[in-house]
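Please work through the following exercises with the sequence and the structure at hand. Each task is followed by a solution in steps.

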Amino acid sequence: SKILSEPENVCESVTQEEGAPVPQVQEEKAPFEMEVEEELTEIPTIAGVAMSNDSFSTLVAGVKAADLAETLNSEGPFTVFAPTNDAFAKLPAGALDNLLKPENKEMLKSVLTYHVVAGKFDAAAVMTAIEENNNAFVIKTVQGETLTAMMKDGKVMLKDANGNTSTVVMTDVEASNGLIHAIDTVVMPKK
C-alpha cells in the first residue's frame, strides 16, 4: 500500500480551455447563518406579546401607567397570570379608573406585580405542582404576597389573598423572557 507523505495537488491536473466560462460555485447559506436570521425574528418579550394582543389592552394600559413595561421587557424569566380585558371589566365600577390615576401608581404597581411570578412555569409544571401539593400550590408573587393554584373541574384556578378566585383561560403563551397564562378575573393582594 502507498502512503502519501504530502497531499497531491489535484488542482494542477484540471485545465481550462481558452475562453471557456469559469464555473461558478453557488454559495449556500450555512446552517448557523440561518439561525442568526431566525433570532432576529424571535418572539417578543412579555410586554411585547401583551401589547400585540387586543385581549390585553387594559393590562397594557396599566403596565404603562405603573411604569412596569421595562420590568416586563427585562431578562426574567417571568410567568405572568395576565388578566384579560374581560377580567378588568369585572372590577367594581370606577375601580380601574381609580387604579389608573397617577396618585394611585403604587397601588396599581402592587396589583399588577401580584400577577407576576419569578421563573418560567408552564401549564404542565403548574398542574404537577398542584397535584404534588394536595391541590393547593402556594406561589410567591413578585409583589411579595402569595397566590394559591388549584384544580377545579379540570381547570387551573388561582385564589388570591382575599379568597377570590380566577380561572386560567389560556396557557403557555410564549415570550422571549417567560410565559403568559391568561386569567378571567383580576386577583387582588391584601395590601
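**Exercise 1.** Determine in which sense strand 5 and strand 6 pair, and what joins strand 6 to strand 7.

*Solution.* 
Step 1. Strand 5 (residues 155-159) and strand 6 (residues 165-175) pair in the antiparallel sense over three bridges; strands are DSSP runs of E with at least two residues, and helices are runs of H or I with at least four, numbered from the N terminus. Pairing requires that DSSP finds at least two bridges between two strands.
Step 2. Met157 stands opposite Thr167 in strand 6.
Step 3. Five residues lie between strand 5 and strand 6 in their hairpin, and Gly163 in the turn has a positive phi of about 90°.
Step 4. Strand 6 also pairs with strand 7 (residues 178-183), in the antiparallel sense over five bridges; Met170 has Ala182 as its bridge partner in strand 7. A hairpin through two residues joins strand 6 to strand 7.

The model is predicted: local features need pLDDT of at least 70, side-chain atom pairs count only at pLDDT 80 or more, and totals for chains, interfaces and linings use all residues. Residues are numbered from 1 along each chain as its sequence is written, and side-chain values use heavy atoms, leaving out hydrogens and water.
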